[in-house]
Each structure stands twice: as structure tokens, then as C-alpha cells.
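Please read the points below with the model open beside them.

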Amino acid sequence: MKWQGRRGSGNIEDRRGQGGGGMRIGGGAGLGVLAVVLVGWFFGVDLTPLLTGQQDGQVVQTSGELTEEDRQMGDFVSVTLADTEEVWANIFETQLGRTYTPSTLVLYSQVTPSSCGTASGATGPFYCPEDKKIYLDTDFFATLSRQLGAQGDFAAAYVIAHEVGHHVQDELGILSQVNAVRARSSEAESNALSVRVELQADCFAGVWARHAAEQFGSLDEGDIAEAMNAASKIGDDTLQRNAGRRPMPDSFTHGTSEQRQRWFAAGFRTGEIGSCDTFSAQGL
């Protein structure tokens with residue numbers, strides 16, 4: 001992915017390096033968060049080395065020093081976010097006749113508060129509709145690459161584009177409608193709706209990738225393969241199997257590896273937001 005030296009976003013809230021104290025971890029995410037994944041359980045990997053301290057109400061100390069790698073990753077996230085802003089502003093105008101209001105992306109180290117509860121290294125990246133912000137500890141990308149086998153900068157860009165996809169859903173009123181239905185649904189029905197939400201965000205990520213390639217010429221050969229590999233590595237069936245569990249479809253919240261790849265590919269193939277209607281699809 002060609003990103004070095006390109007324009008970054010002004011909608012980055014960088015909380016990394018805010019040391020000199022601690023933050024108490026406690027409480028869960030609010031009902032507004034759709035399918036926030038507890039990575040330690042869901043990915044079958046132990047993320048406690050990312051935290052210097054204890055969970056369950058204990059104080060976690062944050063580091064006050066940013067490494068050169070941290071700064072470079074922050075630049076990468078900023079450029080990727082800027083690309084999503086330009087792409088979605090154009091799509092909203094040309095395909096929907098609407099104005100796109102971008103999300104703010106919060107970079108943090110180890111732990112930070114959000115309007116949907118505490119964000120930590122164990123929650124993974126997520127979008128909070130309560131404050132319309134994306135929360136990302138960039139250490140997650142190391143986990144994605146080294147422990148889940150999804151290498152490459154475009155695999156990381158896919159993760160960002162997926163979370164921006166949730167903001168697009170929020171802008172379109174989809175999240176509030178789904179939350180209302182989930183609130184009165186059984187657990188199995190709620191999970192099934194969550195899968196459709198997540199697959200649509202994958203499709204939106206594919207739409208973004210198609211337009212980013214056309215608008216910026218930023219994609220290198222092999223980038224789409226990196227995104228497809230990442231989608232495969234974080235499918236519910238693959239994650240549960242790798243965690244030593246038998247895949248249980250009723251518990252799926254994000255979709256299978258094959259579904260996640262298929263819907264990303266659908267968005268990339270058409271570049272049309274209308275191709276991402278996972279809620280009307282008879283089969284996923």
C-alpha cells in the first residue's frame with residue numbers, strides 16, 4: 001500500500017504517551033457497541049502481555065514514551081483514515097445525494113475510556129456509536145500479523161476500513177435500527193443480526209478499497225490478497241477452531257471466513273454501496 005508522504009486526517013485523537021498515572025479497568029461496553037470482540041477469548045490468544053497491570057478493577061499504568069514504530073503506525077492510520085474520508089464523502093454525494101460526516105479515530109495505548117465502556121488491549125478495535133469514535137490500540141496490528149497470520153499493511157488498512165464501515169452504518173441509521181431490534185430479540189437472533197451488520201461493514205471496506213485504488217492509485221499488487229487473507233483469519237469459524245473449540249454457528253457474531261471474504265469481494269467488485277445489503281440477502 002502506497003501511503004508514505006501522503007495527507008493524513010485531522011480527525012485523529014492521539015491519547016498514546018499520556019503517562020504519569022493510571023486508569024482503573026472495570027465495567028463492560030454499553031449496548032451501543034455492536035459485537036465488540038473480547039480478543040483473549042475469541043482469538044484464542046493471551047493479550048495480557050500488552051497490559052502492564054491487572055484487569056478486573058485494578059489500575060493499569062500507561063507508558064509516556066512513543067517509539068519510532070509507534071509514530072510510523074500513527075501516520076499510517078492517519079493516512080488510511082484520510083483516504084476513507086475522501087472516498088466516503090464522494091460516495092455519499094454521488095450515490096446517495098448526502099453529506100458524509102467523518103468519524104474521529106482514537107489512538108491509545110493499553111487502556112482508555114470511551115462512551116461505550118473501557119477500551120483496552122483485550123477488546124480489539126471497535127466503533128462506539130455513542131460518541132461516534134473508533135478506538136484502536138495499534139498493538140492490535142502486531143497480534144493480527146504475528147499471532148493470527150494476517151500480515152501486510154493492507155491487512156491493517158482493512159481493519160480500519162471495517163470500523164469506518166460501522167460509522168457509515170451509523171450515518172445511514174442502520175445501527176440504531178438494528179440495536180432496537182436486537183434489544184427485543186433472543187440471543188441467537190441477536191447474534192444473527194450482528195453477523196449481518198459485520199458482513200455489511202466488510203462489504204463497505206471492499207467498496208472503500210475499490211475507490212481508493214481508483215482515486216489514489218494507492219494499492220500495490222497483492223494488497224487485496226492481504227485483505228482477503230485477513231478476512232479469512234478473523235472468521236468466527238476459524239477463530240473458534242483455532243481456539244480449540246468446535247465452531248458453533250448460533251454463537252457467531254461476525255460471520256465465517258468464507259462469508260467475510262465473499263462480502264468484502266462483493267464490495268470491491270462493484271464499488272457500489274447498494275451491493276452491500278446483507279439484511280435483504282437470503283443467503284450470506
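The numbered points below take these topics in turn.

1. This is a predicted model, in which local features need pLDDT of at least 70 and side-chain atom pairs count only at pLDDT 80 or more, while totals for chains, interfaces and linings use all residues. Residues are numbered from 1 along each chain as its sequence is written, and side-chain values use heavy atoms, with hydrogens and water left out.

2. The chain has 9 helices and 8 strands; these are DSSP runs, with helices as H or I of at least four residues and strands as E of at least two, numbered from the N terminus. Of its 284 residues, 51% are buried (buried is under 20% relative accessible area, exposed over 50%, partly exposed in between, with a 1.4 Å probe and protein chains only). Among contacts with a separation of 6 or more, 78% are between residues 24 or more positions apart (a contact is heavy atoms within 4.5 Å).

3. The structure contains 2 disulfides, a disulfide being a pair of cysteine sulfur atoms within 2.5 Å. With the bonded cysteines numbered in sequence order, the pairing is 1-2, 3-4.

4. Cysteine 116 sits in the loop between strand S5 (111–114) and strand S6 (117–120), and cysteine 128 in strand S7 (residues 126–128), so the bond ties together parts 12 residues apart in sequence. The torsion about the S-S bond of this pair is about 85°, so the disulfide is right-handed. Cysteine 116 and cysteine 128 are both buried.

5. The other disulfide links cysteine 203 and cysteine 276, at an S to S distance of 2.1 Å. Here cysteine 203 belongs to helix H6 (residues 187–216) and cysteine 276 to the segment after helix H9 (257–270), so the parts tied together are 73 residues apart in sequence. A torsion of about -75° about the S-S bond makes this disulfide left-handed. Both cysteine 203 and cysteine 276 are buried.

6. The largest nonpolar core has 59 residues, of which Trp88, Phe141, Leu144, Tyr158 and Trp208 touch the most other members (a nonpolar core is a set of buried Ala, Val, Leu, Ile, Met, Phe, Trp, Tyr and Cys residues joined through side-chain atoms within 4.5 Å). H6 gives the largest share of this core, 11 residues. Leaving out residues up to four places away in sequence, tryptophan 88 touches Tyr100, Val164, Val168, Phe204, Val207, Trp208 and Ile273. Another core lies apart from it and has 7 residues, including Val106, Phe126, Cys128 and Tyr135.

7. Is serine 190 buried or exposed? Serine 190, in helix H6, is buried, with a relative accessible area of 11%. Not counting residues up to four places away in sequence, serine 190 touches Arg182 and Ser185.

8. The second largest pocket holds about 430 Å³ of space. Its lining has 19 residues, and Glu69, Met73, Thr138, Phe141 and Ala142 are the closest to its centre. A pocket is an open set of points on a 1 Å grid over the protein atoms alone where a 1.4 Å probe fits, with protein on both sides within 12 Å along at least five of seven lines; lining residues have an atom within 4 Å of a point. Helix H2 (68–96), helix H3 (139–147) and helix H4 (153–171) each give two or more residues to this lining, and H3 supplies the largest share, 6 residues.

How values were computed. Points joined across faces, edges and corners; volume = space filled by probe spheres on them.
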